[in-house]
Amino acid sequence: MVDSLKKPVFEEMRPGIKSPAKETILTPRFYTTDFDEMAKMDISANEDELRAILEEFRVDYNRHHFVRDAEFEQSWDHIDGETRKLFVEFLERSCTAEFSGFLLYKELARKLKGKNPVLAECFNLMSRDEARHAGFLNKALSDFNLQLDLGFLTQSRSYTFFKPKFIFYATYLSEKIGYWRYITIYRHLEAHPEDRVYPIFRFFENWCQDENRHGDFFDAVMRAQPQMLNDWKAKLWSRFFLLSVFATMYLNDIQRADFYRSIGLDAREYDIHVIEKTNETAGRVFPIVLDVNNPEFYKRLDVCVQNNVKLTDIVNSTSPKFLQFFQKLPYYLSNGWQFLRLYWMKPIDAPSLQNAVL
Ligand SMILES: [Fe+2]
Ligand SMILES: [Fe+2]
């Protein structure tokens, strides 16, 4: 009895193998794209920079970084109850996101091989990094007596199709936001070692440099395709992807504030910092960035947070399903409205094109 109170019970597919979390609009997504169009892409306008990035990938700075040391070798049963649940969720979400990067990059490397050798090798080396990241996180899950069946995940998840251009916007942002997320946690725990309750965070400093390099690769690819960055459509799409990535992270993290609290962080402050930094970084390549300092930005996101709390209450209520639909409708409409208003907020012109290869 005491034990069941202490250890949250996760649904298991097989003993020790955690059932993957249910897919929702907020869970990490798996992508696929038009591989032929990608293979035909002409990168000559920025080939020198791409070759320089490829050289960096080949050096493989983190070859010896992801090695579990003695600090992992202890019982983690003292992380229990709700905190344990939040830790497992954090590790699972991170592992799934890293693994989704691995699958996409690996597939791109395979399909581009022989057709676009520079891009193919870059994708292959990035998939090497993501495989390490996902593997390291999955191993961390085993400290909590669970693992993810990544083979099952590959087959069972639905894949979102994006044209290459949209893959670049989305992956560029997810790499850069990943960099800022990892480095912000690392720096906080460096200043507050008493909050570093589990050793994985110690690895985030070098780890985030992988994500930074991956982001730089996509930056260079977009500069090789100036039409992706310099027309009115590019401005609209940049707004859409910036907003989607920021809103998804914010809604996810605020509802997991207890996890961030367990490592001494305020989820809202953490997200505001990460959004501000990622937005600033994106301004080096995107033609516009969002006006995230406008108080309306977080006011509207907070309405969505409240709506999501209501939506969860409805789903967990005993009302019949058909009734739940009508109960949920106003909150969905409100979320849609907030997103539209956020999308139409006046953006800020970025001086990014100054350095573009045009
Ligand atoms: Fe990664
Ligand atoms: Fe990455």
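This passage describes how helix H7 packs against helices H11 and H4 in a predicted model.

Two packed helices are described by the angle between their axes and the distance between the axes. For helix H7 (residues 164–191) and helix H11 (residues 267–282), the axes come within 9 Å and cross at roughly 135°. Because angles over 145 degrees are needed for a roughly antiparallel assignment, H7 is classed as oblique to H11. The crossing in which H7 passes H11 is right-handed. On the side of H7, the contact is made by Tyr172, Leu173, Lys176, Ile177, Trp180, Arg181, Thr184 and Ile185, whereas H11 contributes Tyr270, His273, Val274, Lys277, Thr278, Thr281 and Ala282. Sorted by class, the residues in the contact of H7 with H11 comprise eight nonpolar, four polar and three charged residues.

Helix H7 also packs with helix H4 (residues 81–112), and here the axes come within 13 Å and cross at roughly 140°. H4 and H7 are therefore likewise assigned as oblique to each other, while the handedness with which H4 passes H7 is left-handed. In this pair, Ser94, Glu98, Leu104 and Tyr105 of H4 meet Ile167, Thr171, Glu175 and Tyr182 of H7. By class, the contact of H4 with H7 consists of four nonpolar, two polar and two charged residues.

Key
Residues are numbered from 1 along each chain as its sequence is written. Chains are lettered from A and ligands numbered from 1 in the order in which they are written. This is a predicted model: local features need pLDDT of at least 70, side-chain atom pairs count only at pLDDT 80 or more; totals for chains, interfaces and linings use all residues. Side-chain values use heavy atoms; hydrogens and water are left out. Axes are lines fitted to C-alpha atoms, for helices over the stretch in contact, and angles run from 0 to 180 degrees between N-to-C directions. Helices (H or I, at least four residues) and strands (E, at least two) are DSSP runs, numbered from the N terminus. Angles under 35 degrees count as roughly parallel, over 145 as roughly antiparallel, 65 to 115 as roughly perpendicular and the rest as oblique. A crossing is left-handed if the near helix is turned anticlockwise from the far one by less than a right angle, and right-handed if clockwise. Contact means heavy atoms within 4.5 Å. Ala, Val, Leu, Ile, Met, Phe, Trp, Tyr, Cys and Pro count as nonpolar, Asp, Glu, Lys and Arg as charged, and the others, Gly among them, as polar.
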